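The following report is intended for a reader new to this structure.

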Amino acid sequence: MIRGFFLLLLCQLVGEALARGLGLPAPGPVIGLALLTIGFAVRNRWWQLTDEDVATSDVGKAATGLLGALSLMFVPAGVGVVQYFGLLGEHGLAVALAVALVVSTVLTLLATVGAFLLVKRLIGARAAEEAA
Amino acid sequence: MNSFRLWVYLQTTPLFWLTATLGAFLVADAFARLVGRNPIANPVLISVALLAVLLRMSGTDYQTYFNGAQFVHFLLGPATVALAVPLYRNLALVRRNLLPMLAALGVGAFVAIVSSVAIAAALGAPHVVLVSLAPKSVTAGVAMAVSERLGGLPPLTAALVIGTGIIGAIVVTPMMNALRIRDYAARGFAAGLASHGIGTARAFTVDPVAGVFAGVAMGLNAVVTPIMVPLILPWLSP
């Protein structure tokens with residue numbers, strides 16, 4: 001448990017250091033995510049790492065525990081948002097921004113899932129053609 | 001010490017607000033389970049509402065609250081790193097979907113920025129608000145940095161980011177079901193791209209594969225949107 005959590009924090013720490021030090025556009029935790037994934041891949045090249053090994057490892061257990069509580073972690077920031085309702089109201093912009101958020105989020109979901117499925121279908125069609 | 005003074009003491013301690021945050025979430029999560037995980041009963045939204053009422057009733061300021069809640073907030077960093085575990089366990093599936101993911105990433109990030117800024121501009125929002133709105137689909141820390149660099153209001157950006165996350169988490173499941181989309185890789189990727197971590201948390205409750213792709217989308221968009229916003233914004237709001 002402690003080893004797993006230590007490894008997650010270490011990856012984040014190295015990620016933050018790289019993000020700051022090299023001025024990378026990605027945030028530290030995202031670089032830490034990439035580092036840990038690469039770590040698994042490197043480890044697998046030297047010693048066979050089965051899915052079971054990853055799942056039952058210290059990191060695997062720590063990760064499962066943390067991800068199970070992911071929603072909870074957004075609560076403190078969410079409570080902070082309530083503070084800025086006043087700011088929105090002052091500008092008389094609350095309705096405009098609410099409309100922009102709802103419509104834009106729906107459009108983004110549609111565009112993303114549409115592009116994903118379209119390209120997947122195109123690749124599938126071409127693969128089928130080559131196979132024929 | 002009388003009970004009033006005990007209460008006055010307790011509500012200034014980090015322990016009280018940390019306990020209250022976990023308690024509010026447990027209540028919200030129990031309610032969400034009671035209504036069969038109906039997406040409208042979003043546990044983040046319900047917990048925030050409960051805690052906002054509690055803060056208002058007790059006259060507690062946000063700083064006092066955050067002194068306790070920061071321990072939960074802090075876990076967002078290691079939890080993001082933790083996404084490497086489900087990502088690695090599904091790496092073959094992610095690799096097979098590499099091209100669809102890249103296409104969806106480019107299109108999705110572009111639509112998120114252009115649609116939000118264009119709509120708010122049409123409804124009369126000033127430049128500073130448009131700058132604060134543009135990065136709303138990426139995770140809060142990154143979005144606030146983008147907003148600050150381009151002259152927006154980072155706290156307003158944080159509010160819009162959380163709002164976007166909750167809206168996406170509520171909308172995504174009924175929308176994808178209505179469209180009869182059963183590809184959970186595509187569904188999850190859209191949820192994570194549009195609604196960052198809150199969308200990812202929702203995706204994990206629906207389907208593990210959706211959760212993995214949501215996490216990947218969130219990570220990729222955290223890289224792409226900060227590059228895209230300064231390129232697009234001058235065209236929409238000179």
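In this predicted model, the buried residues of α4(B) are covered by elements that include α5 of chain A, as well as α2 (14-34) and α3 (43-58) of chain B. The buried residues in α4(B) are Tyr65(B), Gly68(B), Ala69(B) and Val72(B). Helix α4 of chain B spans residues 62-74 and bends by about 55° at Gly68(B).

Contact between the two chains involves 64 residues of chain A and 87 residues of chain B. On the side of chain A that touches chain B, two or more residues come from each of these elements of chain A: α1 (2-22), α2 (28-46), α3 (51-56), α4 (58-68), α5 (75-83) and α7 (94-131). The largest contribution to that side is made by α7(A), with 22 residues. The residues on this side of chain A divide by class as follows.

| Class of residue, chain A side touching chain B | Number |
|---|---|
| Nonpolar | 49 residues |
| Polar | 13 residues |
| Charged | two residues |

A further buried position lies in chain B. Helix α13 (residues 208-236) of chain B contains Leu220(B). Leu220(B) counts as buried because 22 other C-beta atoms lie within 10 Å, where the cut-off is 20 or more. Along the chain, Leu220(B) and Ala109(B) are 111 residues apart, while their C-alpha atoms are separated by 9.8 Å.

Note on methods
Residues numbered from 1 in each chain as written. Chains lettered and ligands numbered in written order. Predicted model: local features only at pLDDT ≥ 70, side-chain atom pairs only at ≥ 80, totals over all residues. Contact = placed C-beta atoms within 7 Å. Helix = DSSP H or I, 4+ residues; strand = E, 2+ residues; numbered from the N terminus. Nonpolar A, V, L, I, M, F, W, Y, C, P; charged D, E, K, R; others polar. Bend = angle between axes of the 7 residues up to and from the residue. Buried ≥ 20, exposed ≤ 12 C-beta atoms within 10 Å, placed from the backbone.
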